[in-house]
Amino acid sequence: MAASPLLQVRGLTRRYGVRTGLFGPWHEVVAVEGVDFAIERGEIVGIIGASGSGKSTIGRLLTGLDQPDGGQILFDGARIDGLSDQARRPLRRRLQLVLQDASSALNPRRRVGVQIATPMLRLGVATSREEAHERTAELLRLVGLDADAAERYPHEFSGGQRQRINIARSLGVEAECLILDEPTSALDVSVQAQILALLLELRQQLGLTYVFISHNLAVVQSFCDRILVLDKGRLVEDLPSRTITRQASAPATRRLLEANLFLSRAPAAEP
Ligand code: ADP
């Protein structure tokens, strides 16, 4: 029997009740509606769409920060939507969210090493302080930082370095799948390229799977194997990155391609 996809969603739906003004009537905003996709182990899948198309909602639903109103989420073949915090614990290790703003994910008052080691100990990946300490040093090297970074505080690092620390922390708990929500959009273009190169190298070494949420089609085209396009909460396109320029049929995809015309003209976009 073929192995199940690492991550799969079926009919995923999330609506929010919002009200106009303080006393206005409530109405429903459809953030995500009837979305289906499957992601295989080792794949890098980009989720793209205009602002408000539902990308971040999907990221929150996948990582359990929010719960769907309808549909299912399966990780490694098992349902993960609607789990209690307790039942979700083992999963928190395997499926990690990496956000755009690396600073907000790190505690400014705690040394970097402690912040990488603590989740390892809490989730039982390291069984002693010594082991956590050793692994922290290894991880810092793996993401291209000196081991002595462990003794320093987040503000002593640049934005790109803080994102490396964030990635090291996710890898410390032996994550298998990273949900990357605009992980590089706060960074300069050259630093962004370095972080993407690091992520590609880590996938190669560790067999990781990435869901890469972005509004930047050019970045997604160069980084991802496959691209899912959202439009007003619906999935309107699911194509390999190398053929999206030629095969896109949804108006939302065409709009994104036009907006990225200069970058999507680059030869790398065509096989
Ligand atoms: P994107 O990440 O593509 O910009 P979002 O997932 O943030 O889109 O939002 C999709 C839609 O859902 C938007 O219309 C947004 O206003 C709405 N939405 C998202 N989160 C909430 C919330 N907590 N309460 C009310 N509406 C929300």
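These exercises work through a predicted model, one feature at a time.

**Exercise 1. Classify the ring pair of Y210 and F223.**

Step 1. A pair of aromatic rings is described by the distance of the centres and the angle of the planes.
Step 2. The ring centres of Y210 and F223 are 6.2 Å apart. Rings pair if their centres lie within 6.5 Å.
Step 3. The planes stand at 15°. Planes under 30 degrees apart count as stacked.
Step 4. The pair of Y210 and F223 is therefore stacked.
Step 5. Now place the two residues. Y210 sits in strand β8, residues 209-214, and F223 in helix α8, residues 217-223. They are 13 residues apart, and the pair links distant parts of the chain.

**Exercise 2. Classify the ring pair of F212 and F223, then find which residues form a cluster.**

Step 1. For F212 and F223, the centres are 4.8 Å apart and the planes are at 55°.
Step 2. Stacked needs under 30 degrees and edge-to-face over 60; the rest are tilted. So this pair is tilted.
Step 3. F212 belongs to strand β8 and F223 to helix α8, 11 residues apart.
Step 4. A search of the whole structure gives 2 aromatic pairs. Ring pairs join Y210, F212 and F223 into a cluster.

**Exercise 3. Decide whether Y210 and F223 are buried or exposed.**

Step 1. Buried means under 20% relative accessible area.
Step 2. Y210 has 0% relative accessibility, so Y210 is buried.
Step 3. F223 has a relative accessible area of 3%, so F223 is buried too.
Step 4. F212 is also buried.

**Exercise 4. Work out the strand order of the open sheet and name its edges.**

Step 1. The sheet has 4 strands, in the order β2-β1-β4-β5. The pairing is antiparallel.
Step 2. Look for strands that pair on one side only. These are β2 (26-39) and β5 (78-79), the edge strands.
Step 3. Take β1, residues 7-19, and β2. They are joined by 10 bridges and run antiparallel. R19 has W26 in β2 as its bridge partner.
Step 4. α1, residues 55-62, lies across β1, β2 and β4 (70-75). Helix α1 runs at about 115° to β1.

**Exercise 5. Find which residues are closest to the ligand, and trace contacts with its oxygen atoms.**

Step 1. The ligand is surrounded by 13 residues; the closest are G52, G54, K55, S56 and T57.
Step 2. A backbone N or O atom of G54 is 3.1 Å from a ligand oxygen atom. For S56, a polar backbone atom lies 2.8 Å from an oxygen atom of the ligand.
Step 3. Turn to a side chain. An N or O atom in the side chain of T57 lies 2.6 Å from a ligand oxygen atom.

Key
Residues are numbered from 1 along each chain as its sequence is written. This is a predicted model: local features need pLDDT of at least 70, side-chain atom pairs count only at pLDDT 80 or more; totals for chains, interfaces and linings use all residues. Side-chain values use heavy atoms; hydrogens and water are left out. Rings of Phe, Tyr and Trp (its six-membered ring) pair if their centres lie within 6.5 Å; planes under 30 degrees apart count as stacked, over 60 as edge-to-face and the rest as tilted. Helices (H or I, at least four residues) and strands (E, at least two) are DSSP runs, numbered from the N terminus. Buried means under 20% relative accessible area, exposed over 50%, partly exposed in between (1.4 Å probe, protein chains only). Two strands pair if DSSP finds at least two bridges between them. Contact means heavy atoms within 4.5 Å. Axes are lines fitted to C-alpha atoms, for helices over the stretch in contact, and angles run from 0 to 180 degrees between N-to-C directions. A residue is near a molecule or strand if one of its heavy atoms lies within 4 Å of it. A polar contact is a pair of N or O atoms within 3.5 Å; within protein, one must be able to donate a hydrogen and the other to accept it, and residues adjacent in sequence count only if both atoms are side-chain atoms.
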